[in-house]
Amino acid sequence: MDKIPLTVKDTQKGLQEKTFSATELVDSYLARIERGKDLNSFITICDDEAYKKAKEIDNLIASGGKEVFNKYPLIGATIGFKDLFLTKGIRTTAASKVLESYIPSYSATSVLRMENAGGITLGKTNCDAWAHGASGENSDFGPTKNPWNKEFVPGGSSSGSAASVAAGLTLVATGTDTGGSIRQPANFCGVVGLKPTYGVVPRYGIIAMASSLDSVGSFGRTVSDVETIFNVTKGEDGHDSTVKDTELLKPKAKMRIGIPKEYFVGGTDEEIVKNVMEVSKVFEKQGIELKEISLPHTKYAISVYYIVQPAEVSSNLGRYDGIRYGNSRNSFGAEAKRRIMLGTYVLSAGYYDAYYLKAQKVRSRLNADFENAFKEVDAILAPVSPTPAFKLGEKSEDPLKMYLADIFTAPANLAGIPGIAIPSGFTKSKLPLGFQLLGPRFSEPILFELGKLYEESVGYKPEVAKI
Amino acid sequence: MSKLTKTDVLHIAKLAKLELTNKEIDKFTSQLSSIVEFVGELSKVDTKDVEPTSQSTGLEDVYRADEVKGEISLTQEEAISGTDETYNGYFKVKAILEGRTDK
């Protein structure tokens with residue numbers, strides 16, 4: 001195969017027209033993974049499993065004909081699972097030395113659902129250990145590099161997933177987004193990333209970071225591809241009790257997008273401000289009304305997030321005792337220790353009211369900002385991050401500086417609302433630019449509709465970074 | 001707000017069951033202090049009469065039938081497959097009570 005297909009649709013077209021077989025697809029991707037090895041985007045490759053699945057798919061297509069393409073919406077789609085997703089029989093590390101040789105006895109709901117839909121698991125992608133980070137540099141398996149420029153970070157925590165899709169090492173990948181861990185790396189790598197509404201995609205079988213914030217989503221090159229994955233993975237599974245089947249909001253004939261003024265002040269990079277403004281004009285041209293809105297508590301989002309999240313982290317990482325599985329607590333890396341310590345502190349006697357309870361109350365105010373905004377608009381258009389990708393090592397010595405990178409993404413997690421990051425060009429120095437659309441809870445179909453409208457209006461064609 | 005002292009850091013580490021090196025203690029004392037100082041800005045926000053938010057779904061008390069489902073349960077062998085430290089099909093743990101300290 002000379003060229004890999006760039007979308008689920010093109011993959012299935014190629015399979016249907018016999019331009020290539022699923023086995024040949026796996027050949028190509030594994031060769032590309034080998035060639036893109038210096039990106040360090042995968043922790044584990046599962047070639048045996050991938051070939052086995054490809055063979056099943058080739059047989060299925062040979063015997064089942066066209067029908068199988070309707071029955072299996074992800075048939076032939078190669079997947080990189082963030083190494084936080086449990087995969088039965090395949091090592092799952094959370095990119096931490098604590099779990100460096102852990103082999104799960106069961107698979108996450110979303111892994112099973114994507115595999116049952118015809119997806120081919122290629123391997124497990126690198127990430128910040130335990131999903132703690134905004135650059136990928138906190139992985140105990142070494143940092144992932146940005147495929148557009150290897151001196152830069154790919155973003156995090158789902159660093160390997162975003163980088164793998166951007167470099168064409170897999171068709172799609174999964175991620176978790178607790179404070180921006182899907183949208184920010186998608187943005188830094190120039191791919192589409194979806195963070196669904198909290199409680200729509202089950203978290204069962206995914207190593208927990210902060211349980212009131214964790215959201216399970218995906219990366220692809222088009223809005224339509226992450227939409228397909230969303231439809232395959234959503235819905236009750238009988239394990240995650242926060243998931244309840246709910247009717248999703250439908251797009252309206254006439255829609256209004258809000259532009260939050262707090263996202264464009266001070267520290268936001270000029271190229272980003274200009275780019276997002278251009279995106280807003282694209283929507284306006286398509287008959288979408290733009291409205292300036294205010295989310296006044298945005299400036300407190302980082303403080304709320306860095307109290308609530310470490311508190312929940314310290315509780316979730318309490319289970320790693322090195323007895324039932326995994327190595328001892330001495331194997332935790334610096335960032336995990338820092339967050340466990342911070343979380344333990346804000347929950348400890350004497351400090352609970354001043355920090356944790358206070359943060360929960362300010363969280364209510366942040367959420368009220370969104371509720372008020374969505375009375376007036378159907379979606380919000382905003383930058384994903386105040387800067388484009390930054391250099392490896394630039395922030396790794398200063399945790400607080402790194403935490404501030406989450407300023408525009410963490411609010412959506414605190415409010416439990418969905419967000420989608422979409423590429424919108426490149427900076428002068430050839431680093432990806434993008435924007436995010438946020439909507440009220442259960443508004444994914446509105447975000448997909450608007451995202452596709454943008455892609456169509458600008459004639460978006462996915463690009464793959466050279467490896 | 002308050003800065004953390006070395007004593008605070010050692011106390012938290014003990015609560016969190018983390019063993020820290022001297023270098024880590026110094027590093028965390030200064031890093032955690034600056035983070036805690038930063039998030040202390042929340043004291044400026046008026047939260048009078050505001051209810052705390054602990055989750056965003058609004059769901060309460062989700063129930064399921066209390067029954068064992070074979071297909072989603074792990075076998076004993078699977079459950080202990082993550083460690084070599086087993087005894088008669090049980091996890092082996094370190095003693096938590098070692099000798100009496102009251103005598």
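## Basis

Residues are numbered from 1 along each chain as its sequence is written, and chains are lettered from A and ligands numbered from 1 in the order in which they are written. As the model is predicted, local features need pLDDT of at least 70 and side-chain atom pairs count only at pLDDT 80 or more, while totals for chains, interfaces and linings use all residues.

## Helix H3 of chain A

Helices (H or I, at least four residues) and strands (E, at least two) are DSSP runs, numbered from the N terminus. Helix H3 of chain A covers residues 47-64, which is 18 residues. From its first C-alpha to its last it reaches 25 Å, close to the 26 Å expected at 1.5 Å a residue; the expected span is 1.5 Å times one less than the number of residues.

A residue is buried if 20 or more other C-beta atoms lie within 10 Å of its own, exposed if 12 or fewer, and partly exposed in between, with C-beta atoms placed from the backbone. The buried residues in H3(A) are Ala50(A), Lys53(A), Ala54(A), Ile57(A) and Ile61(A). Seen down the axis of H3(A), they fall within an arc of 105 degrees, so they line one face of the helix; the arc is that of the directions from the helix axis to the C-beta atoms. Asp48(A), Asn59(A), Ala62(A) and Ser63(A), on the other side, are exposed. The cover over the buried residues includes helices H1 (8-16), H2 (22-35) and H4 (67-71) and strand S3 (120-125) of chain A. After H3(A) comes Gly65(A), with a positive phi near 65 degrees.

## Contact between chains A and B

Two residues are in contact if their C-beta atoms, placed from the backbone, lie within 7 Å. Chain A puts 45 residues into the contact and chain B 38 residues. On the side of chain B that touches chain A, the elements giving two or more residues are helix H1 (6-15) and helix H2 (22-39) of chain B. H2(B) gives the most, with 8 residues.

## Backbone features in loops of chain A

The peptide bond from Gly156(A) to Ser157(A) is cis, with omega near 10 degrees. Ser157(A) lies in the loop between S3 and helix H6 (159-166) of chain A.

Asn40(A), a residue other than glycine, has a positive phi near 55 degrees. Its loop runs between H2 and strand S1 (42-45) of chain A. Asn40(A) is buried, with 20 other C-beta atoms within 10 Å. Phe442(A), also not a glycine, has a positive phi near 65 degrees, and counts as partly exposed with 17 C-beta neighbours inside 10 Å.
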